[in-house]
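I opened a new notebook page for this one. I wanted to look up the sheet, the helix and the charged pairs, and jot down what turned up.

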Amino acid sequence: MDEKENTKERNEICSKTLKTGSRTYFFDARETRAGDYYLTITESKKSFTETGEITYKKHKIYLYKEDFSKFQSILDDMIRFIINEKGREVISERHQKDFKNHMTYNQESKEVKKKTSEIKNFTNINFEDI
């Protein structure tokens, strides 16, 4: 086993994954050279280039044991604040990337109904009255 494989094996202690729509979160307990543990949290977001190629944008947080309690306290406070202010219900439709398209579709549907109504009214014209 080469040094790189040994380092990788030593670093990866425990991992959990959370998949949510276009985002995936990786929680990894890793080991320092001194033998202590720390946490990495990686957000990976799937996106597409203009040519349709799939790309992933990644953001990583390194969290060390000396910061765990403060981090957890603030995270808990912020979660409680958001739930108290807005509740647990998720208004996800507003955040879907095609929400604008839904609006356009709805507007187009209304326009089609309006045009259909106009055509029906037009066809109901009695040409003898003209």
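My entries follow, beginning with the ground rules.

**Ground rules.** I'm looking at a predicted model, where local features need pLDDT of at least 70 and side-chain atom pairs count only at pLDDT 80 or more, while totals for chains, interfaces and linings use all residues. Residues are numbered from 1 along each chain as its sequence is written, and side-chain values use heavy atoms, with hydrogens and water left out.

**The sheet.** I looked up the strands first. Strands are DSSP runs of E with at least two residues, helices are runs of H or I with at least four, and both are numbered from the N terminus. I found four strands in an open sheet, ordered β1-β2-β3-β4, with antiparallel pairing. β1 (12-20) and β4 (54-64) are at the edges with a single partner strand each, so one side of each has no neighbour in the sheet. From one strand to the next, the twist averages 15°; the axes behind such angles are lines fitted to C-alpha atoms (for helices over the stretch in contact), and angles run from 0 to 180 degrees between N-to-C directions.

I reminded myself that strands of a sheet pair through backbone hydrogen bonds, either parallel or antiparallel. Two strands count as paired if DSSP finds at least two bridges between them. How many bridges join β1 and β2? I noted eight, in the antiparallel sense, with β2 covering residues 23-31. For one of the partners, I looked up Lys19 and landed on Thr24 in β2.

Next I checked α2, which covers residues 68-86 and has 19 residues. From first C-alpha to last, α2 reaches 27 Å, close to the 27 Å expected at 1.5 Å a residue. The expected span is 1.5 Å times one less than the number of residues. Just after α2, I spotted Gly87 with a positive phi of about 75°.

**Salt bridges.** I counted these as a side-chain nitrogen of Lys or Arg within 4 Å of a carboxyl oxygen of Asp or Glu. The structure holds four of them, and I followed up some.

- Glu43 and Arg23 meet at 2.6 Å, N to O. Glu43 is in β3 (residues 37-48) and Arg23 in β2, so this pair links distant parts of the chain, 20 residues apart. Is Glu43 buried or exposed? Buried means under 20% relative accessible area, exposed means over 50%, and partly exposed is in between (1.4 Å probe, protein chains only). Glu43 counts as buried because its relative accessibility is 17%, while Arg23 at 28% is partly exposed.
- Asp36 and Lys65 have their closest N and O atoms 2.7 Å apart. Asp36 sits in the loop between β2 and β3 and Lys65 in the loop between β4 and α2, so the pair ties together parts 29 residues apart in sequence. Asp36 is partly exposed at 36%, and Lys65 is partly exposed at 43%.
- Asp77 and Arg80 come to 2.8 Å between their closest N and O atoms. Both lie in α2, three residues apart, about one turn of the helix. I noted Asp77 as partly exposed at 39% and Arg80 as partly exposed at 48%.

**A nonpolar patch.** Which residues make the nonpolar surface patch? I wrote down Ile61, Phe71, Leu75 and Ile79, covering about 330 Å². Patch residues need over 30% relative accessible area and no salt bridge; nonpolar side chains (Val, Leu, Ile, Met, Phe, Trp, Tyr) are joined within 5 Å, like charges within 9 Å. Areas come from the Shrake-Rupley method with a 1.4 Å probe, and for residues only the protein chains shown count as cover. α2 gives the most to the patch, with three residues. Phe71 lies in α2 and is partly exposed at 33%.
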